[in-house]
Amino acid sequence: MNMIQGLENNTLAENSEGNQYLTFLLAGEEYGVDILRVQEIKGWDHVTMIPNTPDYIKGVINLRGTIVPIIDLRERFSLETIPYGITTVVIVLRVNSDNGSRIMGIVVDAVSEVYNISDDSMKQAPDFGQAISTDFVMGLGTVDDKMIIVLDIDHLLNSSVLKKISDQGDINS
Amino acid sequence: MSIDISQFLDTFYEESFEGLDTMETELLGLNPGEADVESINTIFRAAHSIKGGSGTFGLMNVADFTHVLETLLDEMRDGRRDVTQLAVDLMLASVDVLREMLTALRSSEEVDVVRVTEIHDQLETLLKGDAPSVEDVAVETPVKASPSIVGWNVSFKPLSHLFKTGNDPVRIIKELSELGSIKANVDLSAVPEFDLLDPEECCLSWQIELSGGATEEQVRDVFAWVDEDCELIIDAITSETILEPETLKVVPVPDARDEAVPLEPETPVITPVAETKPVKVVAKKSVAVAAKNPHAAESGSIRVGIDKIDALINMVGELVITQSMLNQLGEDFTMDKVQRLQEGLDELEQHTRELQENVMQIRMLPISFSFNRFPRLVHDLSSKLNKKIELKMSGENTELDKTVMEKIGDPLVHLVRNSLDHGIELPEERVEKGKPETGVLHLNAYHQGGNIVIEINDDGAGLNIDRIREKAIEKGIIGENDSLSDEKVHELIFAPGFSTAEVVSDVSGRGVGMDVVKRNIRDLGGIVEVKSKKDVGSTFTIRLPLTLAILDGQLVRLGDETYIIPLVSIIESLQIKAGNVNSIAGGAELYKLREEYLPIIRLHDVFEITPVNTELINGLLVVVEGDGKQAGIFVDDLLGQQQVVIKSLETNYRKVDGVSGATILGDGTVALILDVAGLVALSRERVKILRNQAAVA
Amino acid sequence: MPTILAVDDSASMRQMVTFTLKGAGFNVIDAVDGIDALDKAKKTKVDLVLTDVNMPRMDGISLIKELRTLPNYKFIPILMLTTESGTGKKSEGKSAGATGWIVKPFNPDQLLATIKKVLG
């Protein structure tokens, strides 16, 4: 695909069909992240632990010479943890923050699909009560009667970095 | 062809700043009254280069300013002007102005016109004061392009040596033909017999009739390079023909032209001569180019000696050879070649290591880059403080990493200011104490292990222990009854919120305390210490790693993890003897090493990880020193030592206590580098807390 | 293509001159001062020398004098890069054997025009 086609597709996607989202599974729910933020998807591998960080920060890996932190999304959302299996993957994302961008990885149960979700069809997230803070949810999309929880990864992952271990208690607030 | 000359601006700025530094150094070394020809020449050359470059690159305000400065220097160089203190001070101020102008231009900011004009005017005044003004020469431009002139008769008789100047009469005549149509007659009468002919000599002459609207100026210009190497007569052919043949002597006029035209493009002297135009256009065009390409701040380039580059090229060459050798070996590898494979790999390792060392070398600069600002600082401050101070510098060629150098600049300035302000006494006071009137400030640098050591030594009053104590008590840093050794008292000056200046002067009392100096140095992975003796003086010693990008590390194993301890902070590693372990109240542990008790740092606890063994006797104790304090780090095992490239955790994550960064090991995994000073502080803090808790309980 | 030896102690001028001349297809050898230039001139043969006047170690005038004593450099064009204030330098250079001069500041086009004129 040449560049012009690529651009056209993007424009199309934004105008009529909406944005493309990569979805993944986590404790039975399907979540989506903006596909343009996805750097790569890789299998779970050894990480180097970092001291004095919340449990959900599994550690850091070497991604072609840069040190990238890995966050377990189940733990981040205080969901029940399960042993990592063959479908467990790390999705490496680009996260925008006030002072530039960061590269971070999230551990999820499995990757699912790529969907187009138009901005119009995206609904405001209701209060989930206990599961995850609505702050981290951009909205709810519907694809084939399935609900996709579209995440605001900038907010979610930046706040994960900023919190020290002492703050862990209030991550769901 | 049009070339964007703004691409050379970075180099121009860089060399101009260097030139200004040179000027400053030499100016500071000038003694009024005596003209040191070599120094003045050096200063002149630097100014001259800046002028030439700024003119070429379209920075006309810089060129104009430097021109006046250069004229002044030129007169001094020729002995036409005395080197006075006034002139030296004014030239130092000019150096400052130029530096400001160039800095502003580089970052596309406004030049402070008021200040520039002020110093410019002072220079002009000084110039006009006594010595002959050069400007007068430029004023006359006798050009009369009378419309009645329809052409020129040129008699061109080269002297015999013309060829030896590299000039070719044919080229000159061809050039003349571009001004109009020409009729040329060659005069062969001076050509000798063939056997006497010297091919190196020019024996021909020409009578040329040029018709067309060329000005006298243009015609003369064609012969400008050979005016001293020929007999030249230029007669105007007017419309009234043959009448009023205006004969002109050529020699002095082209000079006047050259003098008048590019000298001061902005002065009203400019005459409507065709040649002035290109110059004017250039200036405008270049200015536009410069404005279009704002060079936001510094692009962070580095000048590297050719020898360093050559060494690298050699090394890469060898690497390529080794690589191709290994390649060949791999193509039809059999087990009997395993020996050669091993050798090849060893070679590869050695070359890679050398290459790495040499690449690191590129970033190394002599500390003189940082020291060079001090002669000026000391010069300015001593007159401000009414003190007599001699600055000595040694070890200026000691090299350190460019980044470290940039960051150590401010702390160094602060320490030097501090020594000048609070250390060295007023002349009267010194005489009273029986010391020489002139105080000495000594800057010294040398390498020690993997560190660079910088010392700032003064022979002043020394730190006032009583005053410091008093102040520290007043500020609540120590208790009234705390008994502290002199060294401990000295260290208090680095405590946050401490400042001994009795009067906050604009020299060192700028709201920044020694604590900031200490913090800045610590951020660079370094330490600062002070030694002082009353009325003898003080020495501040800064120890810094040579580079921030790489370090020699000791790999240690702790549980399943590998950590790296910087080799420079390790004092020794030892097998733990159970009898030397003392548990103190609250659960902290101390290790008795000779007569010292060291806190034991259990990384398991500090880092909250699951250890493989918790029995001290099964592990090793790595004795480390950070921030001047020692502690023992308990590890499961020592692995190898190796140089590691430091990677930041902050790029994608954030700062982690007790960890200074990370690196990538040979197998591709990440290992954390321990921040020893931070850990020691952390553990000491912990011991203190545990003790207090125990005491309360 | 002719080879030009460009001598200047200023790196930016050297870069500009070299870039301009190379862009026009000339071969360029550069040198940082008179001694460097003389050394390089001896080792090779150039068709034109372009030299700054004010340089450390050996200035342009001395360089021209030295070059003119070399058999290979007896007749080749040597141009000085000089500033308007260097009037005295021009005649000094001329008597040392310079062919001519280019007045600083100059722009790349002016430089090329002059060089092409001299090299024909």
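Okay, let's start where two chains meet: 22 residues of chain B are in contact with 19 residues of chain A. Contact here means that the C-beta atoms of two residues, placed from the backbone, lie within 7 Å. On the chain B side, helix H20 (603-607), strand E21 (659-664) and strand E22 (670-674) each supply at least two residues. Helices (H or I, at least four residues) and strands (E, at least two) are DSSP runs, numbered from the N terminus. That side of chain B splits into 12 nonpolar, five polar and five charged residues. For the bookkeeping, Ala, Val, Leu, Ile, Met, Phe, Trp, Tyr, Cys and Pro count as nonpolar, Asp, Glu, Lys and Arg as charged, and the others, Gly among them, as polar.

Before going on, a caveat. This is a predicted model, in which local features need pLDDT of at least 70 and side-chain atom pairs count only at pLDDT 80 or more, while totals for chains, interfaces and linings use all residues. Residues are numbered from 1 along each chain as its sequence is written, and chains are lettered from A and ligands numbered from 1 in the order in which they are written.

Now, E21 and E22 of chain B. They sit in an open sheet of five strands, ordered E20-E12-E13-E22-E21, with mixed pairing. Strands pair if DSSP finds at least two bridges between them. The edges are strand E20 (637-645) and E21 of chain B, each pairing on one side only. From one strand to the next, the twist averages 35 degrees. Further in, strand E13 (residues 561-566) of chain B runs parallel to E22(B), joined by two bridges, and Tyr563(B) has Leu672(B) as its bridge partner in E22(B).

Between E21 and E22 of chain B there's a loop, and Gly666(B) lies in it.

Strand E18 (residues 620-626) and strand E19 (residues 629-635) of chain B are antiparallel, over seven bridges, and Leu620(B) is partnered with Val635(B) in E19(B). Axes are lines fitted to C-alpha atoms, for helices over the stretch in contact, and angles run from 0 to 180 degrees between N-to-C directions.

What about the nonpolar cores? A core is a set of buried Ala, Val, Leu, Ile, Met, Phe, Trp, Tyr and Cys residues joined through C-beta atoms within 7 Å. The largest has 75 residues, and those with the most contacts inside it are Val60(A), Ile71(A), Leu151(A), Ile565(B), Ile633(B) and Leu674(B). E22(B) gives the most to this core, five residues. A second, separate core of 74 residues includes Ile40(B), Phe65(B), Met16(C) and Met80(C). Back to Ile565(B): leaving out residues up to four places away in sequence, its contacts include Val622(B), Ile633(B) and Leu674(B).

Over in chain A, strand E4 (residues 57-63) has five of its seven residues buried, so it is largely enclosed by the rest of the structure. Six bridges join E4(A) to strand E5 (residues 66-72) of chain A, running antiparallel. The two form a hairpin with two residues between them, and Arg64(A) in the turn has a positive phi of about 45 degrees.

Last stop, chain C. It has five helices and five strands, running β-α-β-α-β-α-β-α-β-α from the N terminus. Buried residues make up 56% of its 120 residues. Where does chain C meet chain B? The contact takes 41 residues from chain C and 34 residues from chain B. On the chain C side, the elements supplying at least two residues each include helix H1 (11-23) and strand E4 (78-83). H1(C) has the largest share, eight residues. By type, that side of chain C has 17 nonpolar, 16 polar and eight charged residues.

Methods:
A residue is buried if 20 or more other C-beta atoms lie within 10 Å of its own, exposed if 12 or fewer, and partly exposed in between; C-beta atoms are placed from the backbone.
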